[in-house]
Amino acid sequence: MRNIKKRFNIVVVVFFTIFTVLNGISPKAAVNNKAAKRDIHIAISCVLTAEQEVKTSDFNTSTALKQYNNAVKSVKKIKKYGKKYHAVYKSLNKRLNNVKLRIEEKIQKDKENSGPVAVLETTNISKSGSVVSKVDFKKDLYIKADDVTLNNVEVEGTIFIDPGKNGTVVLNNVSAGDIKILSGGENGIHLNGTSAGTLEICTDQEATEGSATLRITADVNTSIGHTTVTSNAIIDSTGRIGTIEVNEGANRVPPVVTLIGTFTDTVIVNTSATIATDNGDNAQTTQVACLKIAANQNDVVNVSGKIDEIQITGFSDLTIGDGAVIGAISASVPITVKVAQTAVISQIVDGLTDGFYYDSTIDFIIPSAPSDNNYNPPPASQAVSAVALNKASDNLIVGDTDTLTATVSPAAATNKNVSWSSSDTSIVNVDAAGKITAVGAGTAKITCTTADGGKTACCSITVNDPVPVTSVSLDKTFDALVCTANFKETDTLKATISPSNATDQKVLWSSSNPNIISVDNNGKVTAVSGGNAKITCTTEDGVKTASCIVTATKSGGVINVSKGTTYNLEENLDMGNLIRQKLIWEVVSYPNFVSVTQDGKITAGNVEGATQINCYYEDDTRSPKTPIFIYLIQVTD
């Protein structure tokens with residue numbers, strides 16, 4: 001490392017000398033000012049570093065920008081030394097402009113090939129006809145213009161839609177925390193493949209009584225957690241827009257809400273209002289599964305169109321209009337219901353008399369709910385009291401993901417919808433499902449907030465940069481195993497990754513000849529047949545390796561020799577797959593029967609008997625050594 005720094009400093013000094021001469025500055029004059037010399041050296045070094053950083057086509061723009069900014073600051077310091085160094089200053093700036101152009105080109109290229117651009121501040125769209133695509137808005141987005149289209153946009157905050165009374169806004173594949181519609185026309189607001197935690201329709205537009213001018217369409221791929229309506233609206237939906245609540249608006253004018261399409265979640269009316277389903281071309285396909293009347297006393301609710309079920313839990317007056325088709329109606333409180341003569345109610349339950357007349361001049365009264373055992377009143381709305389996460393803290397490496405799970409209490413809470421946010425999206429992101437993604441090193445807080453009551457729970461996320469592997473080593477570089485017809489010895493090699501805190505501790509194992517020595521995924525080696533094989537351990541990134549030569553001992557068999565005769569084992573040695581190295585020989589038992597020289601020559605004694613002779617590699621430094629051949633020498637008469 002010292003040599004590298006030394007060479008780099010030499011390059012800077014040489015560059016400085018050549019640079020000053022080429023620019024008409026005497027090297028001697030250039031160095032007279034020590035401060036100028038120091039700052040020019042630093043500036044040249046920074047410029048060279050920045051140029052080096054952008055040489056390759058796949059350089060990192062973040063790193064390059066840091067190097068560029070450092071160089072800009074260093075070069076600016078030269079300017080204070082006046083005209084004497086103006087040529088140096090000018091030339092370095094020219095080189096920096098080239099670096100800047102490279103970075104800008106790379107950023108543009110990355111932008112074309114990458115995902116959405118992140119916008120960190122609250123944003124206003126105020127130009128009519130605007131089309132915004134592939135942008136990730138980290139805060140709120142205000143749309144204050146007509147004919148605006150969003151394509152593949154994510155808004156972590158709220159989208160405020162206010163295009164004017166006759167305005168149109170189209171959201172294609174848009175994800176938002178919440179959507180709030182403040183105005184719009186009959187061609188209205190189009191939600192295509194859009195998802196949001198809540199949708200609020202709260203225009204303050206003046207509308208003719210009994211009409212709804214704002215139209216919201218939601219296609220089959222749209223998913224909204226919960227919808228609130230406080231003003232006139234036509235809602236045309238084939239997607240899922242969640243439970244719809246109709247509440248009193250700021251102007252206290254009873255909202256008129258027309259429903260077209262499919263509404264499988266409950267529509268709850270909490271105030272005086274008119275609820276109608278489409279009676280035109282879509283009348284046969286429009287489905288409203290359940291309308292719940294929870295308005296208070298003195299409120300008046302008017303209902304028309306086709307509705308599968310009406311549940312009455314509030315004390316308001318209810319009018320069922322001409323041509324209404326109601327599948328069933330039930331009540332848990334006393335209430336007066338006015339039914340038009342042409343209305344049809346298929347089933348009347350929970351205390352309504354079966355014999356009332358369909359006559360617009362006659363009211364009928366639903367008495368208190370009966371106390372028979374078959375009566376099951378609708379469950380009361382339960383507010384959220386708390387929310388908890390499955391973990392309070394988490395540790396991730398950049399690039400890792402995890403999913404947080406929220407538990408809303410009580411279990412029977414009516415609205416369990418939650419939203420997610422990150423305190424620092426440059427460290428960790430979180431999506432609408434609680435999935436977190438580590439982006440950069442640091443600590444950030446993920447907050448889960450309930451739609452009902454704003455209850456919160458947090459998880460502290462610590463993100464670390466990955467620690468690279470610098471080396472891998474094995475506990476042995478040479479190993480020997482016994483291999484006979486009935487015994488296959490095994491051993492396990494142990495790998496050590498450096499540094500010990502490296503992120504990726506995984507290694508891969510391989511054998512140069514699995515037919516001699518096999519190795520499994522855990523480094524366990526097995527002698528398969530006599531010979532040598534090289535076992536290699538490779539880090540998962542494929543960069544670092546370590547190896548061990550493993551020998552499988554081969555039985556030399558039984559050698560019969562006569563008394564007083566000689567036999568050369570080494571000359572008759574079948575090395576097979578073994579590596580041929582210098583060998584040493586040793587009599588293991590009963591040396592009075594046989595002697596052996598270090599070139600493998602045995603001499604039988606004058607006594608009958610048997611002795612064992614082992615053959616080793618000379619450079620086997622282990623204790624005890626492992627033989628590569630084992631012979632049984634039989635001395636006969």
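Me: Is T149 buried or exposed in this model?
Reply: The model is predicted, so local features need pLDDT of at least 70, side-chain atom pairs count only at pLDDT 80 or more, and totals for chains, interfaces and linings use all residues. Residues are numbered from 1 along each chain as its sequence is written, and side-chain values use heavy atoms, without hydrogens and water. Buried means under 20% relative accessible area, exposed over 50% and partly exposed in between, with a 1.4 Å probe and protein chains only. T149 has a relative accessible area of 16%, so T149 is buried.

Me: Which residues does T149 touch, not counting residues up to four places away in sequence?
Reply: T149 is found in strand β6 (residues 148–161), where a strand is a DSSP run of E with at least two residues and a helix one of H or I with at least four, numbered from the N terminus. Contact means heavy atoms within 4.5 Å. With residues up to four places away not counted, T149 touches S130, V131, V132, V170 and N172.

Me: How does D317 count by its relative accessibility: buried, partly exposed or exposed?
Reply: D317 is found in strand β21 (residues 317–320). Leaving aside neighbours within four places in sequence, D317 is in contact with D299, V300, V301 and T336. Its relative accessibility is 38%, so D317 counts as partly exposed.

Me: Where is N221 found, and is N221 buried or exposed?
Reply: N221 is found in the loop between β10 (215–218) and β11 (223–229). Leaving aside neighbours within four places in sequence, N221 is in contact with G193 and T194. With a relative accessible area of 58%, N221 is exposed.

Me: Are α3 and α4 roughly parallel or antiparallel to each other?
Reply: Helix α3 (residues 34–53) and helix α4 (residues 61–78) pack at an angle of about 155°, with their axes 8 Å apart. Axes are lines fitted to C-alpha atoms, for helices over the stretch in contact, and angles run from 0 to 180 degrees between N-to-C directions. Angles under 35 degrees count as roughly parallel, over 145 as roughly antiparallel, 65 to 115 as roughly perpendicular and the rest as oblique. Therefore α3 and α4 are roughly antiparallel.

Me: How many residues has the largest nonpolar core?
Reply: A nonpolar core is a set of buried Ala, Val, Leu, Ile, Met, Phe, Trp, Tyr and Cys residues joined through side-chain atoms within 4.5 Å. Residues with the most contacts inside the largest core include L150, I159 and L318. The number of residues in this core is 63.
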